[in-house]
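Please have the model open as you read.

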Amino acid sequence: MASVRSLSRWVECRKFYQHSRLLQLNDANNPEKLRVGFGSFHSEGPEYLIRVPPSQWSNSIVTDLPRPPDVCMCLPGTNSMREQFCIDFKNWTFINHGAFGATLRCVMEHTHAWRLKQEHQPLLFFDRLLFPEIIRTTHRMAAFLHALPTDMVFVPNATAALSTILHSLGKTLQPGDTILSLDVAYGSVKKMIRQVCEKTAATSVELPVRFPLNSKQDLTDIVRAYLLECPRHALPSVAIFDHVTSNTALVLPVVELAELIKTHSPATLVLVDGAHGPVQLPLNMNDLKEAGVHFYAANFHKWMCGAKSAGLLWVACEKEKSLLEPLIISHGYGNGFTSDFIWDGCRDYAPILSLASALDFWEAHGLHRVQSYSYGLLQKATAYLKDQWGTKGILLSESEPTLHASMAIIQLPENRDYAVCMEPIRKIRQTSENCTNNLNKSEVTKQEDTVITNVHIQDWLFQQGIEVPVKSIHGKWYVRISAHIYNRMEDYEHLSEAILSLPTC
């Protein structure tokens with residue numbers, strides 16, 4: 001009964017909140033009614049600013065602000081392009097951009113300038129400048145993503161966006177409801193789903209993906225078969241798909257998957273984990289909305305090369321916005337979607353404001369040109385490693401251009417003695433044991449010394465100055481390579497040589 005009362009209270013709260021939203025929507029036709037801000041902030045209301053182009057804002061909003069540094073035009077893969085990043089290329093072969101990205105130097109400078117501006121007069125910054133500048137950046141990012149400014153808000157990262165969505169939707173789930181996903185989903189998202197299901201008694205359905213894949217139809221067929229076999233009363237309440245998977249580097253056909261869900265289960269809410277989406281893929285949020293995607297979460301620190309702690313939460317329609325509650329409740333709560341998320345307390349907002357520099361960079365270099373270089377380099381590097389190692393990926397060759405973008409995984413050769421990779425670890429452990437006079441290894445430790453894992457291989461490559469993840473998938477070891485605008489073929493040649501330097505077995 002307690003859970004029923006709790007759900008009832010939440011429903012009543014949502015009714016009140018949705019009524020507030022309805023009043024806001026009625027006022028949206030007359031933005032002047034939304035000009036009043038909230039709390040003690042002295043800037044115009046976020047719900048007004050998000051609906052009015054910055055060119056029409058009052059002059060009082062414009063002041064002496066940090067300008068984005070000039071963009072240095074460089075050819076992809078050149079030394080000049082590498083100088084646009086802070087990576088230590090002299091000591092590292094860095095082919096793991098997909099992990100945490102790498103921030104552009106111009107973005108770093110712009111971020112620092114905003115932090116200095118904040119400290120010159122903190123009250124001026126937070127009370128009067130911050131909200132208009134966040135929303136100015138929102139307008140620019142919306143144009144870049146082909147989205148409406150009113151449909152998107154900034155969050156620290158994709159994890160925060162996904163947590164917000166699932167935490168909110170979890171309050172509407174009932175015992176017997178289903179959350180649908182694929183087994184190639186990101187590990188932390190699987191944990192989020194598990195937590196929601198444990199709290200609500202909903203059911204997680206994780207469809208297996210088997211390799212090798214022939215085409216994107218293999219993926220849509222998996223979901224279609226499930227939906228056709230599923231009784232109408234058991235169709236999923238929520239479906240979650242990666243745009244680009246992390247472990248397997250697959251570009252999932254999210255448009256086709258969303259259209260499939262809309263056809264066979266129109267009441268299902270579709271959430272896309274787009275952590276690797278912006279810049280790696282040509283995003284058009286209007287197309288995703290038309291296909292039937294309801295929520296999209298993304299990072300700007302990965303392929304966009306923004307500063308850390310800037311991400312995206314995009315919601316297709318007002319109905320879905322009314323379902324969401326921010327994880328942190330603050331002064332703007334209940335004033336509208338933008339207001340709900342624009343302020344979550346006093347913290348560093350410079351990574352959001354400096355996104356203007358990242359947008360300048362990609363718009364100047366041309367997104368299509370950048371993507372063409374990365375895609376072409378990845379295909380060339382993948383073919384080279386397969387040829388050198390005599391191995392395969394997880395796709396048939398003719399399907400790779402559509403199912404990989406700027407990341408791919410390639411199987412490591414099986415004829416190498418990877419036990420060599422454990423030697424440095426054994427030496428470190430032996431030194432530690434000698435220092436503590438503990439020369440009697442436990443049986444567990446002895447066993448660990450003989451079990452080689454993908455972690456040992458990745459650590460060994462790290463010691464060779466090569467930053468690349470090693471994945472264990474279906475009992476085989478793969479490297480996941482990234483190809484961004486600063487990478488070039490010599491990076492993958494170095495990786496190949498390192499693996500081939502291991503003794504044969």
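Buried means under 20% relative accessible area, exposed means over 50%, and partly exposed lies in between (1.4 Å probe, protein chains only). The model is predicted, so to speak of local features a pLDDT of at least 70 is needed and side-chain atom pairs count only at pLDDT 80 or more, while totals for chains, interfaces and linings use all residues. Residues are numbered from 1 along each chain as its sequence is written, and side-chain values use heavy atoms, with hydrogens and water left out.

**Aromatic rings**

Rings of Phe, Tyr and Trp (its six-membered ring) pair if their centres lie within 6.5 Å; planes under 30 degrees apart are stacked, over 60 edge-to-face, and the rest tilted. The whole structure holds 17 aromatic pairs. In one of them, Phe89 and Tyr486 are tilted, at 5.5 Å centre to centre and 55 degrees between the planes. These partners are 397 residues apart: Phe89 is in the loop between α3 (79–82) and β1 (93–94), and Tyr486 is in the loop between β12 (476–482) and α21 (489–500). Helices (H or I, at least four residues) and strands (E, at least two) are DSSP runs, numbered from the N terminus. Phe89 counts as buried at 18% relative accessibility, and Tyr486 counts as buried at 0%.

The pair of Phe125 and Phe126 is edge-to-face, because the ring centres are 5.1 Å apart and the planes are at 85 degrees. Phe125 and Phe126 also belong to one aromatic cluster, whose members include Trp114, Trp343 and Tyr349.

**Charges**

A charge sits over a ring if NZ of Lys or CZ of Arg is within 6 Å of the ring centre and within 35 degrees of the ring normal. Arg82 lies over the face of Phe89, 4.4 Å from the ring centre, and Arg347 lies over the face of Tyr349 at 4.3 Å.

A salt bridge is a side-chain nitrogen of Lys or Arg within 4 Å of a carboxyl oxygen of Asp or Glu. The search of the whole structure finds 17 salt bridges, including these:

| Salt bridge | N to O distance |
|---|---|
| Arg82 and Asp491 | 3.0 Å |
| Asp183 and Arg210 | 3.7 Å |
| Asp221 and Arg224 | 2.9 Å |

Arg82 in helix α3 and Asp491 in helix α21 are 409 residues apart. Arg82 is buried at 8% relative accessibility, as is Asp491 at 5%. Asp221 and Arg224 sit three residues apart in helix α9, so about one helical turn separates them. Asp221 is partly exposed at 31%, and Arg224 is partly exposed at 31%.
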